[in-house]
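Dear colleague,

I am handing over the structure we spoke about, and you will find it just below. My notes on one part of it follow, and I would be glad if you read them with the structure open.

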Amino acid sequence: MHPAVSVIFFTVTSGAGLGLIFCLGLGWPMPASPLAAFLVSLLAGGLTAAGLISSTFHLGHPERAWRALSQWRSSWLSREGVSAILTLTLLGIYALVWMMTGERVAWLGLLISLFAAITVFTTAMIYAQLKTVPDWHSALTPACYLAFALAAGALLAAGLGTATTLIGMPVAILASAALIVAWTAKLLWWNRAGTIGFSHTGSSIGTATGLGGLGAVRLLERPHSGENYLTREMVHKIGRKHAARLRRIALVTGCAVPLALCFLAMATGQPAFLFLLAFASLMAGLFAERWLFFAEARHAVSLYY
Amino acid sequence: MTTLPPSSEKKLGLVIDLDICVGCHACVVNCKEWNTGGYGAPLGDVDAYGDNPSGAWLNRIHTFEVTPEDAPNGGQAQIVHFPKSCLHCEDAPCVTVCPTGASYKRGEDGIVLVDEKKCIGCGLCAWACPYGAREMDPVENVMKKCTLCVDRIYNDNLPEIDRIPACVRTCPANARHFGDFADPSSNVSKMTAERGGMDLMPEMATRPVNKYLPPRPKTRPASERELAPALAPRTQEGLLGWIDRALEKLG
Ligand code: SF4
Ligand code: SF4
């Protein structure tokens with residue numbers, strides 16, 4: 001699949017924003033001033049909104065994007081739009097109350113955490129629902145999206161917040177645990193993607209053409225000598241060239257470096273900047289991971305080409 | 001609404017006869033021609049006369065080679081020209097993924113259409129279709145797909161003979177047929193039953209309406225013939241034989 005930069009940026013950035021919203025909603029301790037309340041909420045909402053806005057750049061008609069809110073009964077993409085807007089609206093109310101009264105309304109917090117998680121889930125389901133792309137068509141896809149959003153949100157919250165321990169554990173340990181869970185899910189995902197081929201449906205050039213029963217089928221001539229929308233969008237091959245190297249980059253910058261920084265933080269009294277550094281490194285790793293998510297995925301249409 | 005309608009009364013669609021198609025691309029060209037002037041925005045092209053032309057087409061012909069498993073030395077390979085356009089699936093995944101309601105399946109005849117005024121050009125429907133039947137228009141940035149010539153088949157301004165899809169009307173080999181699959185006595189239902197009409201990628205559970213008739217198996221000679229017996233000189237017969245003999249006598 002063609003890796004569109006706007007979509008990669010969207011899924012990574014709003015994933016992090018929604019992860020932070022999730023942590024805020026659960027009541028992650030933050031500095032007490034109204035200004036801090038404003039800035040933290042702005043960052044969480046801003047990352048989410050920046051991602052959403054960038055995702056409209058890959059639309060043919062961004063000016064009609066509002067129409068995408070109408071089909072939430074059937075479409076995951078529509079559900080994502082609706083639930084993102086609900087999350088941001090609720091976050092706005094939560095932030096307003098927090099700034100005015102200094103109080104963080106617990107039930108409203110739980111609600112925004114729930115909606116943040118639902119939004120990440122709907123994003124993942126846009127891909128996971130597609131039977132045509134076997135790499136994506138798995139429960140591991142939403143698992144990865146949710147876990148990465150949580151890891152990014154936790155690192156950011158650890159860097160911005162005032163807590164040193166939560167539920168009886170140092171935040172560095174909590175953030176490391178989130179990272180380990182996320183990358184374990186991703187390794188499982190990569191492992192499945194490496195072996196799945198089209199075996200989940202049993203599709204092949206034989207079933208695609210219906211000619212498999214007659215013998216071995218091979219493409220003799222493409223319909224056109226040049227490229228077309230389908231070959232550019234779904235039979236994209238360029239991104240796979242550097243797959244192994246990009247995976248190493250993703251693992252080092254997205255997993256090894258942030259983990260090392262968390263351990264360093266443990267040893268040095270958990271200074272905020274180490275968590276923020278770890279967050280930045282994770283984001284870089286996630287861009288590589290998301291690029292591969294698209295570039296390596298094979299679409300059923302490629303059976304015809 | 002991008003939920004699917006309950007099973008439609010009529011199921012209009014195409015039968016494509018892979019035994020007959022000669023791969024001339026006439027249907028492709030006539031489809032492009034008709035749909036550039038008909039339903040919705042024109043079918044766009046980019047760099048049409050340049051080095052790297054590209055454009056939206058609703059029908060494309062692939063050509064495959066099929067080699068039977070037991071063929072000696074890869075012989076008896078069969079060439080199959082393979083037209084591909086929207087199959088107007090009954091469980092169309094392209095419809096249910098659409099966030100705007102632009103993609104829909106008509107309850108009255110099962111035709112799958114895009115309302116171009118609502119389409120935001122997100123491309124998700126093209127990702128959901130296993131067959132590559134949808135293409136983004138490079139000029140209008142809206143999704144394009146086969147309309148089953150909805151603007152011909154019900155068009156009273158056309159002579160009755162033309163009230164069929166442009167591809168069917170133009171096919172010089174008669175490899176394409178249009179009809180109602182819900183009616184067991186229709187031409188398409190009968191052909192499908194007689195010739196074992198098949199679904200493409202049935203495992204994708206899209207339940208395509210369009211059916212493909214498989215190529216008839218090639219007949220094989222009983223034994224391998226010597227290569228090109230015509231090449232051996234036959235000097236005994238006719239005028240050439242007489243000249244040959246005459247020249248030989250001359251010495
Ligand atoms: S062939 Fe593709 S575009 Fe046409 S109805 Fe089926 S899934 Fe949709
Ligand atoms: S490209 Fe248009 S028709 Fe297709 S899913 Fe998006 S909005 Fe719907």
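α9(A) passes α10(A) in a left-handed crossing. Please bear in mind that this is a predicted model. The two helices, α9(A) and α10(A), pack at an angle of about 165 degrees, and their axes lie 8 Å apart. Because angles over 145 degrees count as roughly antiparallel, α9(A) is roughly antiparallel to α10(A).

Turning to α9 itself, this helix of chain A covers residues 243-267, and its 25 residues, at 1.5 Å a residue, should span 36 Å, which agrees with the 35 Å that separates its end C-alpha atoms. After α9(A) comes Gly269(A), which has a positive phi, near 75 degrees.

The buried residues of α9(A) include Leu246(A), Ala250(A), Gly254(A), Pro258(A) and Leu261(A), and among the elements that cover the buried residues of this helix are α5 (140-160), α6 (171-196) and α10 (272-295) of chain A.

On the α10 side, Ala288(A), which is found in that helix, is buried, with a relative accessible area of 8%. Leaving aside residues up to four places away in sequence, Ala288(A) touches Leu246(A), Ile249(A) and Ala250(A). The C-alpha atoms of Ala288(A) and Ala250(A) are separated by 5.4 Å, although these residues are 38 residues apart along the chain.

Definitions and conventions
Residues numbered from 1 in each chain as written. Chains lettered and ligands numbered in written order. Predicted model: local features only at pLDDT ≥ 70, side-chain atom pairs only at ≥ 80, totals over all residues. Heavy atoms only, no water. Helix = DSSP H or I, 4+ residues; strand = E, 2+ residues; numbered from the N terminus. Expected span 1.5 Å × (residues − 1). Buried < 20%, exposed > 50% of the residue type's maximum accessible area, 1.4 Å probe, protein only. Contact = heavy atoms within 4.5 Å. Axes fitted to C-alpha atoms, helices over the stretch in contact; angles between N-to-C directions. Parallel < 35°, antiparallel > 145°, perpendicular 65-115°, else oblique. Left-handed = near helix turned anticlockwise from the far one by under 90°.
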